[in-house]
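User: I am new to this structure and would like to learn how to read its disulfides. Could you take me through them step by step?

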Amino acid sequence: MFAETPTPLLLPRKKAEIAMVLDYSGSMGDVSGTKVKYIAMREAATKLVDDLTTASPGKVKFGLVPFSHHVYVTLPKAYVKGATGTGNWTGCTQDRKYPYNLTAATPTSNVDTKWNQPMAPDHASDGCSGYAPRSLIVRPLTTDSAAVKSQLAAMKPYAWTHIALGVEFGYHILMDNLPFDQGAPKSDTETQKFMIVLTDGMQTEPAFGPGSSRNVSQGEKNLTQLCTNAKADGIRIITLAFDLDDTTTRARLKNCASDADSFFIANSDTDLSKAFEEIKTAVASEIYLKK
């Protein structure tokens, strides 16, 4: 009697942790194709959450980093410059002092490692008051897809663009160390980490660099180094240039992505929807593996 051919084994479903680093600067209120850009982004991101959580319930965590010229976030006071006492601080911040703004290391007693450094004076007048009413707050990784979708439905654009700052926080929420420790440890081979970075414009906000330097060019350099460091920590970076004409920024986003297939150019709402479908396929292919 012939032996039966073994049935291919399905490996246990891998888990995915996905940080969506999304541009909510003012230009996302413009129209691209047939829709306002942030609405097209909302619809595509919501469908991604729906499709992946339906296909693999409990196996996918999502986090949100809406960025413009600041990031609005809740942090332990110990990690915030000028904050006193115990408990949490909620407010707007730009990047940490260089070179700490290039890493996902937990802040220490060194004040330069903390957030809430002085705001850049040219855009300080835009302030922090516009973030909470527009629901533009960092959401750490969670399996609560309903909460993620609810926030996506509520967020609206505001002010300028600090891409490097968005990636800085996207990097942090995917790691397993404080201030965000919801991520799986790097040693967990059954979890794949993704960072989806979407922007429609150039870096317009200055960032901290060596010495006393702080300018827009430094923000561009910081983005490049942050992407390099995050990829070295096992994060697959997917970038989208949405209705973005600047060729230099496009090239920077392409280099930031983990590979050529992880960079997308979307010139309209239709293109964006297709790009998110391809992203869903790429993520699903990492979750469902056959041996």
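User: How many disulfides does the count come to by the rule?

Analyst: This is a predicted model, in which local features need pLDDT of at least 70 and side-chain atom pairs count only at pLDDT 80 or more, while totals for chains, interfaces and linings use all residues. Residues are numbered from 1 along each chain as its sequence is written, and side-chain values use heavy atoms, with hydrogens and water left out. A disulfide is a covalent bond between the sulfur atoms of two cysteines. The rule takes a pair of cysteine sulfur atoms within 2.5 Å, and by it the count here is two disulfides.

User: Which parts of the chain does the disulfide of Cys92 and Cys128 link?

Analyst: The sulfur atoms of Cys92 and Cys128 lie 2.1 Å apart, and the link is right-handed, with 85 degrees about the S-S bond. This pair joins distant parts of the chain, since Cys92 sits in strand E6 (residues 88-93) and Cys128 in the loop between E6 and strand E7 (139-142), 36 residues apart. Strands are DSSP runs of E, at least two residues, and helices are runs of H or I, at least four, numbered from the N terminus.

User: And is Cys227 buried or exposed?

Analyst: Buried means under 20% relative accessible area, exposed over 50%, and partly exposed in between, with a 1.4 Å probe and protein chains only. Cys227 is buried because its relative accessibility is 1%, and Cys256, at 4%, is buried too. These two form a disulfide with sulfur atoms 1.9 Å apart, and Cys227 in helix H4 (residues 216-232) is 29 residues from Cys256 in helix H5 (residues 247-256).
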